[in-house]
Amino acid sequence: MIGRSDKQGRVNALVVEDSPPMRKMIVFALSRIRELSVTEADDGVDALRRIASTKFDIIITDINMPILDGLKLVKRLRADKAYKDVPIIIITTEGAEEDRQRALALGANAYITKPIQAPQVIKLVRETLGLLDGG
Ligand SMILES: [Mg+2]
């Protein structure tokens with residue numbers, strides 16, 4: 001079981017995605033997991049700002065983003081003592097096999113391929129956090 005930083009025993013998730021409709025869709029899917037408290041970030045820079053003030057238990061990040069992309073974010077998180085073991089799920093496009101391999105090599109735990117399907121996101125996040133189904 002992943003360490004829970006929140007007083008109510010909730011799991012803090014950070015969703016990093018530069019596309020507002022895509023981000024909305026992921027957040028909506030994750031709202032089905034009762035234990036989760038979800039925070040949104042617009043891009044990698046916004047994500048770094050948010051992790052500076054909140055400890056997240058899982059990070060779900062897009063790869064293709066302006067300024068600071070998902071690969072750089074994974075690299076930065078793994079170099080950070082507080083985030084070296086926090087699960088990271090990356091979101092890639094179907095053809096981006098190279099990005100997937102790079103992200104996994106940099107320390108990402110799992111990936112989701114666009115087009116995103118809500119049940120797939122829910123299942124992967126639950127599995128990654130060790131949460132039981134239907135909880
Ligand atoms: Mg993007």
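Predicted model: local features only at pLDDT ≥ 70, side-chain atom pairs only at ≥ 80, totals over all residues.

**Stop one: the metal.** Asp18 (OD), Asp62 (OD) and Asn64 (O) coordinate the magnesium ion at 2.1 to 2.2 Å. Read along the chain, the donors of the magnesium ion have the spacing D-x43-D-x1-N. Now colour by secondary structure: aspartate 18 sits in the loop between β1 and α1, while aspartate 62 belongs to strand β3, so the pair ties together distant parts of the chain, 44 residues apart.

Aspartate 18 is partly exposed, at 30% relative accessible area. Aspartate 62, at 2% relative accessibility, is buried because the cut-off for that is under 20%.

**Stop two: the largest core.** Hide the surface and pick Leu30, Leu36, Ile60, Ile89 and Val125: these have the most contacts inside the largest nonpolar core, which has 22 residues. To see where this core comes from, highlight β1 (11-16), α1 (20-30), β3 (58-62), β4 (88-92), β5 (110-113) and α5 (118-129), each giving two or more residues. The top contributor is α5, with 5 residues.

**Stop three: isoleucine 60.** Centre on this residue. Beyond its neighbours within four places in sequence, isoleucine 60 is in contact with Leu14, Val15, Val16, Leu30, Ile89, Ile91 and Val125.

**Last stop: another core.** Finally, select Ile59, Met65, Leu71 and Tyr83. They are among the 21 residues of another core, apart from the largest one.

Technical notes: Residues numbered from 1 in each chain as written. Heavy atoms only, no water. Core = buried A, V, L, I, M, F, W, Y, C linked by side-chain atoms within 4.5 Å. Buried < 20%, exposed > 50% of the residue type's maximum accessible area, 1.4 Å probe, protein only. Helix = DSSP H or I, 4+ residues; strand = E, 2+ residues; numbered from the N terminus. Contact = heavy atoms within 4.5 Å. Donors = N, O, S within 2.8 Å, 3.2 Å for Na, K, Ca; no water.
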